[in-house]
Amino acid sequence: TRFELVINLKTANALGLAGSPPVARAQTETPTPSLDLVLLIDSSTSMLDSDRAGLRVSAASFLLDFVQGVAGVQGISVRFAAANFGGESVTDAIALRSLQGDAAQNAIRLRADSESTLFAPALDFAIDQLQDSGDSQKVVILFTDGLPEGEAVTQAEAYFTTEMSPRLDALQQSGAQVFVVALRNGKTVQVEDLWIQAISTARYRAIDQNTDLVGAFHDLFAGILGLRPGEAQTGAPGASQTIQLEPYLEQAVISVFKSGPSVSLRLTDPNQSEIPPTRRTDQHEIFALTTPQGGEWKLGATGGAATVWVDRRLPTLMLEGPTEAQALGEPLTFTGRLLRLNQSISKSSLELSLSIVGPENQLFPTLVMDRFADRYSAEFSGAQAEGVYTVTLSARSGGEPVLAETGPLTVGIFPVPSIRGFEIAGDTVIGQTITATLTLANAQRVTDANGRAR
């Protein structure tokens, strides 16, 4: 393969071939993350049958306390707004305000006095509350048990098209995430496809009974707040539940929804120290734990049953290595770190290792990394075949796996291009043009998608 390079000796320096100074980059401060949440609760008369116990109010209070407790330890500034809806206008509306102190306790009032289910006023309320949210993360959660605008499906479809779709589009185009939790019944199943078409399958949740509403709210917001949601566990009265927390977690959130105000909870850490709740009401308690100690925690409940969720915010395994194609036969150097709240962890009990898969799924022995001041390093010399190698970082502490966010790194290995011939044509005099012709082996390794030399 032959390439020709034409150089004008007079202009070589002007082209920057003699080097250029680095460009300074301005430093900016990272702003405090913020979240604006709007809760919209169906208050039509059908709720008298669907939710006689008023669990929609208890669930909304739980959600706001869950968000407040978790966001507080994550450094997130939260504002919320709330309203009941059903008729021509929303009722008991609470305008956007800071979620702090006991602001959530009376946010949603129990109401079921509207003969119809009109969604447009509720969506208008959300649009109005979020119009000045700026760069805040915006979330709207709507709970309903009915059809929009009456009982007829054809009427509901028309209302969806003319009244709801434009408002939902406006909210989503503003950056708001719109979630709908629907109590599954003969009416709501008829418009599930309309909701899904408007907001996506991932943001529509159908529940079979009102007792599932707390869990639905929890699962939605655990993900929004960067937590790995845990499954609900029901504890029997008087029983002690063991909660195994992995080492190096950034955060653990233990949320408890109690069967009644008589339920008393006691949480202890692996050292048997009692831990107070971050948020507490007669119906729920939230324990938001930052960098919790790994090991066995105990949660005891007396005076009634309780439903428990344990959510985790994981540390991050950071793997660094070659980002461009590498020469066949040359060793590859990788560095790894376990980051907890952006701080590197380096301890004698912490082991980081590499799993490497080569071309044709060739498996290599696990490579244990050497520990240095704030990171780990290893050299891999087994890349003897051309192709793509996939490298994954994992960690163990005291012999037990560390649960962490991680992702693979891929490296391409190719034969090294070599120069077989080099010829110069022309006079090597300042101001004249010369032509350098290179003959290469493996030249296809250094050409771009258009076949040009790189």
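Reader: Which residue in S15 does Ser240 stand opposite?
Author: Gly300. Keep in mind that this is a predicted model.

Reader: Where does S9 run, and which of its residues are on the covered face?
Author: S9 spans residues 240-245. Gln241, Ile243 and Leu245 make up its covered face. Ser240, Thr242 and Gln244 are on the uncovered one.

Reader: How many bridges join S9 to S15?
Author: Six. S15 covers residues 295-302, and the two strands run antiparallel.

Reader: What sheet are they in, and what is the strand order?
Author: An open sheet of four strands, ordered S9-S15-S11-S12. The pairing is antiparallel.

Reader: Which strands stand at the edges?
Author: S9 and S12, the latter at 274-275. Each has a single partner strand, so one side of each lacks a neighbour in the sheet.

Reader: What about S12 and S11? How many bridges there?
Author: Two, again in the antiparallel sense. S11 takes in residues 264-268. Leu267 stands opposite Ile275 in S12.

Reader: New topic. Where is Ser44 found?
Author: In a loop. Strand S2 (34-42) is on one side of that loop and helix H1 (47-50) on the other.

Reader: Is Ser44 buried or exposed?
Author: Buried. Its relative accessible area is 2%, and the cut-off for buried is under 20%.

Reader: Which side chains does the Ser44 side chain make a polar contact with?
Author: One is the side chain of Asp42, at 2.8 Å. Another is the side chain of Ser46, at 3.0 Å.

Reader: Now pockets. What volume does the largest pocket have?
Author: About 270 Å³.

Reader: Which residues line the largest pocket?
Author: Pro33, Val73, Gln74, Ile76, Leu225, Glu250, Gln251, Thr290, Arg313, Leu341 and Asn342.

Reader: How many of the lining residues are nonpolar, polar and charged?
Author: Five are nonpolar, four are polar and two are charged.

Reader: How is empty space shown, in general?
Author: A probe the size of a water molecule is rolled over the atoms, and that shows where space is left empty.

Reader: Last bit, the whole chain. How many helices and strands are there?
Author: Six helices and 29 strands.

Reader: What share of the residues is buried?
Author: Buried residues account for 44% of the 454 in the chain.

Reader: And what share of contacts joins residues at least 24 apart?
Author: The share is 76%, counted among contacts between residues at least 6 apart in sequence.

Technical notes. Residues are numbered from 1 along each chain as its sequence is written. This is a predicted model: local features need pLDDT of at least 70, side-chain atom pairs count only at pLDDT 80 or more; totals for chains, interfaces and linings use all residues. Side-chain values use heavy atoms; hydrogens and water are left out. Buried means under 20% relative accessible area, exposed over 50%, partly exposed in between (1.4 Å probe, protein chains only). Two strands pair if DSSP finds at least two bridges between them. A polar contact is a pair of N or O atoms within 3.5 Å; within protein, one must be able to donate a hydrogen and the other to accept it, and residues adjacent in sequence count only if both atoms are side-chain atoms. On a 1 Å grid over the protein atoms alone, a cavity is a set of points where a 1.4 Å probe fits but cannot get out, and a pocket is an open set with protein on both sides within 12 Å along at least five of seven lines; lining residues have an atom within 4 Å of a point. Grid points are joined across faces, edges and corners, and a volume is the space filled by probe spheres set on the points. Ala, Val, Leu, Ile, Met, Phe, Trp, Tyr, Cys and Pro count as nonpolar, Asp, Glu, Lys and Arg as charged, and the others, Gly among them, as polar. Contact means heavy atoms within 4.5 Å.
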